[in-house]
Amino acid sequence: MAHGAVGSLKLTIERLKNSSYISIVQNSSPKIIKLLYKEVCSFQDALEEFDKRRNTINMKMVKTLEAEIMDVVYQFEDVIESYVLDQIHSQSEESHHRDQIHPPSMLFSVDLQNIMQDVDSFIETVKKMKKAYIHELRNPSPEEEEEEEEDDVVPSSRINFGGNHEPMIGFSEYFIELRDLFTNNYEDPSRKIFSLDGMAGIGKTTLATKLFQDPSIVSCYTRRAFVTIGPKYLLKNVLLHILVQLNPSLQLSDVDGETLAMLKRMVRNSLKHQRYFIVLDDIWDEKLCSALKKLFPDDDNRSLVLMTTRIGDAADIAHDCRYDLPLLDKKESWVLLRQKVFGQEACSFELEKAGKKIAENCEGLPLTIVTVANILSKSEKTTEYWNKVSDEKDSIYYDAYDQMSKVLLPSYNYLDQRLKACFLYMGIYPQRYKIPFIEFFVLHSLWNAEGIVYSAEQFREKVSQLKMVEMFDADPCSYYILELSLKNLIIDDKEKLCYSLHSSFWYMCNKEAVKNKFFYAFNCSAGALPEEDLIYQRRLCMQNNVLLAIQDVQDSIASSSMVRSLLCTGNFHEYPVPLCLEQLRLLRVVHALTIRFYEFPMEAVKLVQLRYLSLCFNGNIPSSISKLWNLQWLIIGQKLIVENKSSCNMPMEIWDMKELKKLDVGGKKLSDPREGSFLPNLLGLHGLHHQSCTKDVFEKIPNLTELSIAISSSHDNGDQPLSCFDHVSHLHKLQSLACTIQNPTFEAEVVAPLAPLSYLPSSLTKLYLSGLGYPWEKMSKISSLPNLTHLYLKFYAFRGRKWEVRDDEFQRLAYLEIEDSDLVQWTFQNDRCIPYVHVVRILHCYKLKEMPLMFGASLIAVSVVDCSPMAVNCANKLQQDWDDKYEKDKGSVEFYVHSSWDDGSFSHDSPY
């Protein structure tokens with residue numbers, strides 16, 4: 001977590017260096033700030049060398065060094081922020097005593113001379129620590145076996161799903177399918193590479209072992225080898241272990257002295273003209289995959305390589321077939337739990353009822369089920385105890401997660417430096433919380449405000465070479481989410497359109513967050529902290545908002561004077577709850593969208609360090625909000641959107657907040673700007689009332705790149721809400737536009753006179769439309785946008801039975817999503833339509849009978865969810881045609897086809 005700590009300090013220095021409200025006194029201070037910033041940036045780069053060398057490091061020593069780095073960085077950040085804040089408060093009080101109103105444009109003079117010694121000392125310490133860290137990465141300390149860090153070596157996560165001759169619970173179909181593939185003389189005799197991909201503890205190794213040992217498979221191959229690799233490896237050792245299995249008469253001592261080139265040649269020669277079966281178990285590095293792949297000859301004799309991995313990029317090497325192993329369903333979970341607890345013994349009806357709930361609480365992860373079952377088998381088998389466990393009133397699950405940490409923790413320890421803080425941050429939400437895709441813009445804003453992710457510019461510079469980066473050019477946070485998903489750390493629920501953490505990983509996030517002083521969550525059983533340790537946490541998280549009203553929690557919060565973030569993520573709370581902000585003078589982030597405020601918390605406007613403020617408030621925002629001159633993210637949520645003629649306005653003083661980058665006004669109106677008003681840094685404006693979409697407003701925010709408009713369906717007579725498009729053309733840098741009609745009605749073909757879509761700026765790359773009811777014939781106004789890459793059409797954005805795409809449309813479109821549409825026939829004019837699309841998602845289009853069966857070779861994923869059976873047939877036909885045409889050269893496309901009719905879960909309820 002040292003990388004996240006350094007990133008936070010880096011952002012703090014950037015704000016001090018670049019703020020339009022702070023003037024560094026002109027002595028040696030400006031120079032030392034520049035030098036300080038340079039050293040911090042260099043330090044962050046040095047920490048990222050971890051990513052290149054993690055497969056050979058001494059993890060115990062690296063983690064020790066990173067803990068020391070984190071402490072030094074946090075201590076210095078406390079010094080510099082406290083000092084600057086004292087100077088600002090002093091000057092504010094002087095202004096107040098002179099009976100002056102605190103002007104939002106007031107310039108604060110900051111003299112760093114009194115802390116020069118601290119700065120100099122920190123720079124020298126950073127240089128020494130950077131040198132020591134790089135040296136340790138490049139020259140790992142020897143490891144003493146008896147004291148080897150248990151996190152450093154990945155233990156076996158093999159799960160016994162049954163005996164050798166019993167079917168694997170949950171994966172029998174996979175076993176049978178793969179066994180048939182591995183034993184039949186399929187038509188194509190070339191060497192095949194398969195992969196088993198999935199979360200840690202899901203059963204990849206167990207399935208691979210069962211296949212490797214199956215007699216019918218064994219008899220088909222003349223050479224076999226099974227080698228477990230893990231995140232830490234030496235290529236030489238991998239080759240040695242393969243060699244001695246391919247040549248039983250060979251001893252390790254016979255070849256241990258050979259060069260790497262010779263070992264490669266020996267492996268290749270041992271496999272030449274042989275039908276072989278190689279299992280590469282627990283592989284983490286895609287470069288290693290590629291290197292080994294070159295050593296396995298393809299002699300057209302149906303040889304086979306099977307990989308198991310928790311890393312999606314490594315699984316992609318298996319062009320022939322990739323199996324993503326799913327979590328077990330409720331029935332399979334209970335069968336596995338019952339087998340592990342009772343074996344051949346009978347289970348009473350009372351225990352079975354509780355046992356099914358216990359199995360369900362394990363959330364389908366076999367390792368959790370087996371670990372919980374092992375604990376249960378050693379405990380009393382009484383109805384009272386099992387009911388207690390089923391109601392989660394016992395620590396058994398957390399005990400199981402602690403036992404599982406040897407398997408799970410390497411997923412975090414060996415994660416890319418830039419992703420570690422993002423992963424831990426996912427743990428701020430309550431257990432089993434599902435984060436809707438639509439809510440991710442808030443998480444992205446939090447990550448940016450916290451300084452734990454690259455800016456868009458840094459992202460383009462540092463990771464431009466990475467796969468798929470072009471799809472996330474201006475949105476690095478979405479790329480990080482994708483990376484965490486591909487590494488099987490978070491669950492991507494394509495049906496419910498949300499991400500979540502499995503409880504075992506959620507527990508690990510909360511536990512590691514406390515260890516790393518990253519955050520402490522009240523109402524989390526990952527370990528209670530004594531008050532003396534609580535003060536060192538950088539963030540406090542309320543996973544149950546009711547807890548804020550409890551006196552001891554308030555006292556704990558008030559004593560945590562060094563806290564930088566207060567995060568309220570529990571279920572929505574209807575009643576007033578005190579936030580205890582007065583003592584938290586260094587707060588930079590207050591996230592409280594799940595608490596309803598009936599009065600604006602005036603103590604918040606005293607927190608001049610705030611960069612991010614989000615809360616749920618239906619009333620008028622006070623003009624004193626402009627005192628938060630550091631504020632860059634202001635998000636105003638509303639519990640209910642009340643449509644009336646006297647809609648609330650944002651205060652005029654909002655135009656004085658020059659640092660604002662993102663503003664969500666929650667459907668409120670913006671006051672007309674005063675003469676000379678200007679928001680040069682505002683990049684995102686969300687929830688804007690359609691009546692505020694005027695030329696005067698847009699001309700004062702010329703650098704806007706994101707705009708979302710909220711259109712009221714109950715507007716005044718004479719008010720044409722879709723005229724909001726009239727002035728969008730003034731936003732020449734606009735890249736993302738969303739327009740949503742609240743509670744639309746469709747009495748006619750369209751809800752209102754058509755807006756001139758031709759006014760949309762050519763700079764648009766993303767367009768989100770909902771409830772507008774345009775006819776499909778008007779799509780040409782959108783399809784001709786030259787830079788459009790993402791198109792979202794929600795809730796009858798367009799209406800009509802038929803949409804035909806012409807070959808000159810959507811020349812750069814990469815992502816298309818249609819949800820809740822009355823579309824019946826969707827066709828292409830020819831096979832050159834939408835040539836570069838990567839992702840196609842069709843959701844809840846119940847009338848759809850026909851969809852295109854041809855897409856360009858850039859296709860990566862297709863989702864068809866809850867559409868008509870005929871649409872499902874089209875999707876299946878598309879998959880078959882793709883496999884026949886492109887699979888060998890382009891790799892497989894991820895198809896997700898689901899119908900709630902098939903599993904009995906269909907509901908007419910719509911999230912919109």
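Of its 15 lining residues, Thr-12, Arg-15, Leu-16, Glu-81 and Gln-609 sit closest to the centre. Helices α1 (2-18) and α4 (59-97) each contribute at least two residues to this lining, which by class comprises seven nonpolar, four polar and four charged residues.

In total, the structure contains four cavities of 30 Å³ or more.

Turning to helix packing, the axes of α20 (residues 440-450) and α22 (residues 476-486) approach within 9 Å and cross at roughly 105 degrees. Crossing angles of 65 to 115 degrees count as roughly perpendicular, so α20 is roughly perpendicular to α22. On the α20 side, the contact involves Phe-440, Leu-443, His-444, Trp-447 and Asn-448, which meet Cys-477, Ser-478, Tyr-480 and Ile-481 of α22. Six nonpolar and three polar residues make up this contact, with no charged residues.

The protein chain has an average pLDDT of 84, and 86% of the residues score at least 70. Over residues 146-157, however, pLDDT stays under 50, and the model shows 27 contacts beyond four places in sequence for this stretch. Residues 904-912 likewise have a pLDDT below 50, with ten contacts beyond near neighbours in sequence. Where pLDDT is low, predicted coordinates should not be read in detail.

Methods: Residues numbered from 1 in each chain as written. Predicted model: local features only at pLDDT ≥ 70, side-chain atom pairs only at ≥ 80, totals over all residues. Heavy atoms only, no water. Axes fitted to C-alpha atoms, helices over the stretch in contact; angles between N-to-C directions. Helix = DSSP H or I, 4+ residues; strand = E, 2+ residues; numbered from the N terminus. Parallel < 35°, antiparallel > 145°, perpendicular 65-115°, else oblique. Contact = heavy atoms within 4.5 Å. Nonpolar A, V, L, I, M, F, W, Y, C, P; charged D, E, K, R; others polar. pLDDT = per-residue confidence, 0-100. 1 Å grid on protein atoms, 1.4 Å probe; cavity = no way out; pocket = protein on both sides within 12 Å on 5 of 7 lines; lining within 4 Å. Points joined across faces, edges and corners; volume = space filled by probe spheres on them.
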